[in-house]
Amino acid sequence: MTHRVLLCDDEIPIIRAAEFKIKKAGYDVRIAGDGEEAWQMIQAEMPDILVTDCQMPRLDGLGLVRRLREHPETRDLPVLMLTAKGFELSAEELARRWGVRDLIAKPFSPKGLLERIREILHEQPVGP
Amino acid sequence: MSSSNNRYNLAAVGSAVLSTGWVVAWAAGLLIDGGNWIARLGSLAVGLALAGTAAALWLRRQAREQTAARRFFETLNRLDPHALRRDTADSEIPPLESGHPLADVARRLRDGLIELAEQFQDLEHARNATEIRCRRATTEYERVKAILTSLDEPIVAIDPFDEVILANPSAKEVLGIDAEQTEDRALRALVRCETLVNLLSTTSRRKAMESRSDEIQVPATTADGGWYRVTARRLAASGAVDEDAPGGGAVAVLRDIGETKALQRRNAEFVSSVSHEMKTPLAGIKAYVELLADGEAEDEQTREEFCGVITAQADRLQRLVENLLNLARMEAGVVKVDKDGRPLNEILEEALGVVRPAAEAKQIELVSDLSPMYLGVFADRDLLLQAAINLLSNAIKYTPNGGRVTLRSRMVDAHVRFEVEDTGVGLSEEDKYRVFEKFYRVKKDKDMAQGTGLGLPLAKHIVEDVHGGTLTVDSVLGKGSTFAVVLPGSGQISS
């Protein structure tokens, strides 16, 4: 079974680098331009992991995670968060309150992001 | 005086002895013969005469003594205790004659009085000195109190029992003390700021004299959040031998740091925004460089694509740095401004030429509606061109494909006005005020175009600070915006 990864960022050229790397590793990768679009894509097709930026138009990363946690079917979706912010966000706080698995600072390494995605997906119980 | 007195005494005593002798002799003669009456009467008369003389002498002596005593006491009564001095006392209080029965008492009384007068005079000096000191201290106290009262810095002082001994009006206002009388009331009961109460209280109990300080936020009374730096110092016990002896309480002086705090916050926000704006293109560069380094791009086309993204992101970073530097230079006033009388329309036409490709790429109709008049402005050509380009490219960025952007110039009274009108997304009431803030980007429109949020603040600086004009915006959400620049005119010629 091919794992599905949803990448969400309004800086499309940048997230395409991650898409390229992750796709090459054999995952099924989708891209959303903002939180609202990501939410609609999740409704239509549930990914195995979400990687989202914080600052985005319409619905930002935190708003998206909050919405995911409010719905039973998306409550347990693993989330990795990307941020270009300096000190306004704390990984511990995000993990404790919203179950965000990790906070990855921009600029990020596509290789490092892929490894983190792999680790998290490996932890998941294998479906039937 | 003294010898005559003794004579009187001698005569009096002698008379008394003789008269007593005569009476005794007469009585004895009577008993013996009871004879010659005449002789007996004669001797009786002599005896009585002698006794009378003695009595008269005694009475006279009594009278003289009384007069001397009365004079003595009258002198005492008239004495001025302020003026009595030991060296002149003999002339002021003549002593009684040595034979006078009160002479000894009078001498002791006089000595005692002189001593008392001296003590009285000493006390009076001391009292005068104290009075002067007291008046000085009162004046000093009033002056210090007036100074403390007039100070804008809040000041609170406590005694060793944590009771307030001073709270100036500024302290009352800032700390929200509504009590009229603050003296002798517990600090804790008057002030709710826990940090301040604890700082003062612990400082008061410390052995060391050096001051301690902390930052406190009192219940917000100002827009800046009521931040104060409080410096507390222990007061030495008054009257202690050791000047540093504890037990005098403590005093706290508060300094308003609201503005500093606000500045720090704005600075932190600014740095955060800059780093965020820089990290985004950096993220692109780093990610694609890593892909290239790892040999992920297997064909030439992919490699070119990656290099294209890297170049675009590097350009974006460069633009950001240039804009930042320009803005910083302008804010610091180090930009070399070369102002001269120039034709505005020429500058505007040049700006139109610069942005035309961007408008064409989005099929935006770029309308030039420039005044046929010569509009002279006293301006720096490069800077004003930059401002016009920023306004135009901003309009093109936030106008959907197929829209229209109009550049208009007019003469209005003695001023020159040019405006950029678009049929774009428009601004909300709040955004209208905030678009000129550094790094502010309208959230909902961020995905429409790339930007640093520096173009409009830069234009505003150029127009207002460099050229003494105004840059304002009028907008209807969803319909479009008009950014208008008004500059002082420098004469016009009909073309």
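The legends below describe close-up views of a predicted model.

**View 1. The open sheet of chain B.** Five strands of chain B make up an open sheet with mixed pairing, in the order 7-9-10-12-11. Strand 7 (365-369) and strand 11 (470-476) of chain B are the edge strands, each pairing on one side only. From one strand to the next, the twist averages 15 degrees.

**View 2. Strands 9 and 10 of chain B.** Eight bridges join strand 9 (residues 404-412) and strand 10 (residues 415-422) of chain B, which pair in the antiparallel sense. B:Leu407 has B:Val420, in strand 10 of chain B, as its bridge partner.

**View 3. Helix 13 on the sheet.** Helix 13 (residues 455-466) of chain B packs on the sheet and touches strand 11 and strand 12 (480-488) of chain B. The direction of helix 13 makes about 135 degrees with that of strand 11 of chain B.

**View 4. The interface between chain B and chain A.** Contact involves 28 residues of chain B and 22 residues of chain A. About 2200 Å² is buried between the two chains, 57% of it given by carbon and sulfur atoms. B:Lys279, B:Glu290 and B:Glu296 supply 23% of the area that chain B buries against chain A, more than any other three residues.

**View 5. Polar features and elements of the interface.** Six salt bridges are counted between chain B and chain A. One of them links A:Lys24 with B:Glu296, with the closest N and O atoms 3.2 Å apart. Residue pairs in polar contact number 11. On the side of chain B that touches chain A, helix 8 (258-293) and helix 9 (300-332) are the elements that give two or more residues; helix 8 has the largest share, 14 residues. The residues of this side divide into eight nonpolar, nine polar and 11 charged.

Key. Residues numbered from 1 in each chain as written. Chains lettered and ligands numbered in written order. Predicted model: local features only at pLDDT ≥ 70, side-chain atom pairs only at ≥ 80, totals over all residues. Heavy atoms only, no water. Pairing = 2+ DSSP bridges. Helix = DSSP H or I, 4+ residues; strand = E, 2+ residues; numbered from the N terminus. Axes fitted to C-alpha atoms, helices over the stretch in contact; angles between N-to-C directions. Contact = heavy atoms within 4.5 Å. Buried area = accessible area lost by both parts, 1.4 Å probe. Salt bridge = Lys/Arg side-chain N within 4 Å of Asp/Glu carboxyl O. Polar contact = N/O pair within 3.5 Å; in protein donor to acceptor, adjacent residues only side chain to side chain. Nonpolar A, V, L, I, M, F, W, Y, C, P; charged D, E, K, R; others polar.
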